[in-house]
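Please open the model in your viewer and keep the selection panel within reach. The stops below are meant to be taken in order, one selection at a time.

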Amino acid sequence: MVVTTQHEASQVGVKILLAGGNAIDAAVAVGYALAVTDPCCGNLGGGGFMLIHLADGKEVFIDFREKAPLAAKRNMYLDKKGNVLDGLSTKSYLAVGVPGTVKGLDFALSKYGTLSRQQVINPAIALAEKGFILQAGDVRILQANQKKFKDANVANIFLKGGKNSYEVGDRLIQKDLAQTLKLIATQGTDAFYQGAIAQKIVSASQDNRGILSLKDFANYSVATQKPIRCNYRGYEVVSSPPPGGGTTVCQMFNILEGYNLKKLGFHSVESLHLMFSAMLYAYRDRNSYLGDPAFVKIPLDKLLSEQYAEQIRNKINRDRAIFPDSIKQNYSREGTNTTHYSVVDKYGNAVAVTYTINSNFGAGVIASDTGFFLNNEMDDFTSKPDIANQFGLVQGEANIIEPGKRPLSSMSPTIVTKDDRVFLVTGSPGGSTIPTTVVQVITNIIDYGMPVDRAINLPRLHYQGSPNFVVSEPYALNSKTVQNLWEKGYRVTPFLTWGAAESIQVNLKDNSFLGASDRRKSAGKAIGF
Ligand code: DON
């Protein structure tokens, strides 16, 4: 079973499984295919996390998050007075972190896959070279971001005839990208990190006031780590360690474990108040303690301990909200600009991948004829302590910019097991909303007994303390609940939708797979056999 946000990419994954590949082969092939078919988000020019549960029970977390260039500086996005310069960390080459995706996918394939690099990249090459027919969901993303396709080499690919937006039924052909993929397929990661591709990116960066160097590419390394884990009502939640978002997911679960959410009722004022309180405390800790573990010491044992969760529960007043200070925000209204996908195979392997170029179409730039967008992941760092980034996250010293450091992420590819068997594979895009999406998907299933398709598609809520309001997808709550929450102290603000929790649930009785694609991204598809 393969579930992704783009139907062609889901097909690619399934074909790999049908050809005898395992879930890791399929996940790598999907990673390359999404780089072609979901160019807002799927990528070669970004980074991400892959969480693998192998059939023998071993769990592996592969961190291919971008790194800050060696010439990066703590104050690189500030003016002389120390104010954040608008757009520097989000647009153009200064916003670009050293990409990790190509090395990450290759690492996963060589360690845990069974097929050749050529075999898993071929489907992506075909999709780029021959093109694919755009559906409504594909076109919507391209049209909504048209103004980002300014540079001639970008417009020539993503606008019809370099001018007009693509329409449903048009074929999107990406010859440059096909060429890049062929280079990687034949020459391996060296083509990207030592060869022609690195040279083109570095030279475009130098021409556009960027700081990327050949050394940044040559030095880039993938990291492996032990995943984060927590027990929630008899289920084992396995998720991404720092610099990922799984710590925040597990902190929320540890706090919520002490309450009977089921008895309090789905979306009751009481259960929402406890959820929001758990969110508030978990995000406070995220923003102060978390960062790249290669650079900062994180008190993970404390943050994930039962005693700490108990201490937090003791601070939660059952009657009213806790008000953090309100801070001026520039909150992003785009919520699905990353992509998550889930794969399980018949052997018992499961893979959860979330990878990204951060904003939709990343920094909005493509280096010469490489054909792929570069990320703007540098915005995930603390540009300045106490000043919010594009996701409204007000972060601290732990996530300050340092050369070679990975920016803190919220991405939380997650696998839930029961008695050592895979029960759920999930995750989502959505910037700072990712951990609360993952928690809601899982509580919907575990506490409220929903099947996975309902659990991922119900409207969601999100609270991160700052900004000091709860954001709500349309019609998540009825007006009475909103009023009652108001009286408790919560300001609920309607928002657009966010996230796309492409998930797979395993029926533990008969071992059948239930795949569910999130309707928020209509190009997505769950395919199994
Ligand atoms: O790593 C992170 O947390 C962000 N760069 C993810 C960005 C994202 O999900 C964009 N979607 N709204």
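Begin by selecting Asn 358, which sits in the loop between β10 (350-356) and β11 (414-418). Bear in mind throughout that this is a predicted model, and that what is described here was computed from it. Asn 358 has a positive phi of about 75 degrees although it is not a glycine. Is Asn 358 buried or exposed? Its relative accessible area is 4%, and since buried means under 20%, Asn 358 counts as buried.

An N or O atom in the side chain of Asn 358 is 2.8 Å from a nitrogen atom of the ligand. Select Glu 377 next, where a polar side-chain atom lies 2.6 Å from a nitrogen atom of the ligand. Then select Ser 409, which has a polar side-chain atom 2.6 Å from an oxygen atom of the ligand. How much of the ligand does the protein bury? Taken alone the ligand exposes 340 Å², and the protein buries 99% of that.

Now widen the view to the residues around the ligand, of which there are 18, with Thr 338, Glu 377, Asp 380, Ser 409 and Gly 431 coming nearest.

Select Cys 40 and Cys 41, whose sulfur atoms are 2.3 Å apart and form the disulfide between them. The torsion about their S-S bond is about -100 degrees, so this disulfide is left-handed. Both Cys 40 and Cys 41 are buried.

For the other link, select Cys 230 and Cys 250, which form a disulfide with their sulfur atoms 2.2 Å apart. About the S-S bond of Cys 230 and Cys 250 you can read -80 degrees, and this link is left-handed. Cys 230 lies in strand β7 (residues 228-232) while Cys 250 lies in helix α11 (residues 246-256), so the pair ties together parts that are 20 residues apart in sequence. Cys 230 and Cys 250 are both buried. If you number the bonded cysteines of the chain in sequence order, the pairing reads 1-2, 3-4.

From helix α11, step back to the loop between β8 (235-239) and α11, and select Pro 243 there. Look at the peptide bond from Pro 242 to Pro 243, which is cis, with omega near 10 degrees. Such a bond is worth a stop because most peptide bonds are trans.

Where is the other cis bond on this tour? Select Ser 466 and Pro 467, which are joined by a cis peptide bond with omega of about 5 degrees. Pro 467 belongs to the loop between β13 (461-462) and β14 (470-472).

For the last stop, select Ser 92 in the loop between β3 (59-63) and α3 (101-112). Ser 92 has a phi near 65 degrees, a positive value in a residue other than glycine. Its relative accessibility is 28%, so Ser 92 counts as partly exposed, whereas Asn 358, where the tour began, is buried.

Key: Residues numbered from 1 in each chain as written. Predicted model: local features only at pLDDT ≥ 70, side-chain atom pairs only at ≥ 80, totals over all residues. Heavy atoms only, no water. Disulfide = S-S within 2.5 Å. Buried < 20%, exposed > 50% of the residue type's maximum accessible area, 1.4 Å probe, protein only. Helix = DSSP H or I, 4+ residues; strand = E, 2+ residues; numbered from the N terminus. Near = heavy atom within 4 Å. Polar contact = N/O pair within 3.5 Å; in protein donor to acceptor, adjacent residues only side chain to side chain. Areas by Shrake-Rupley, 256 points an atom, 1.4 Å probe, with all protein chains shown as cover.
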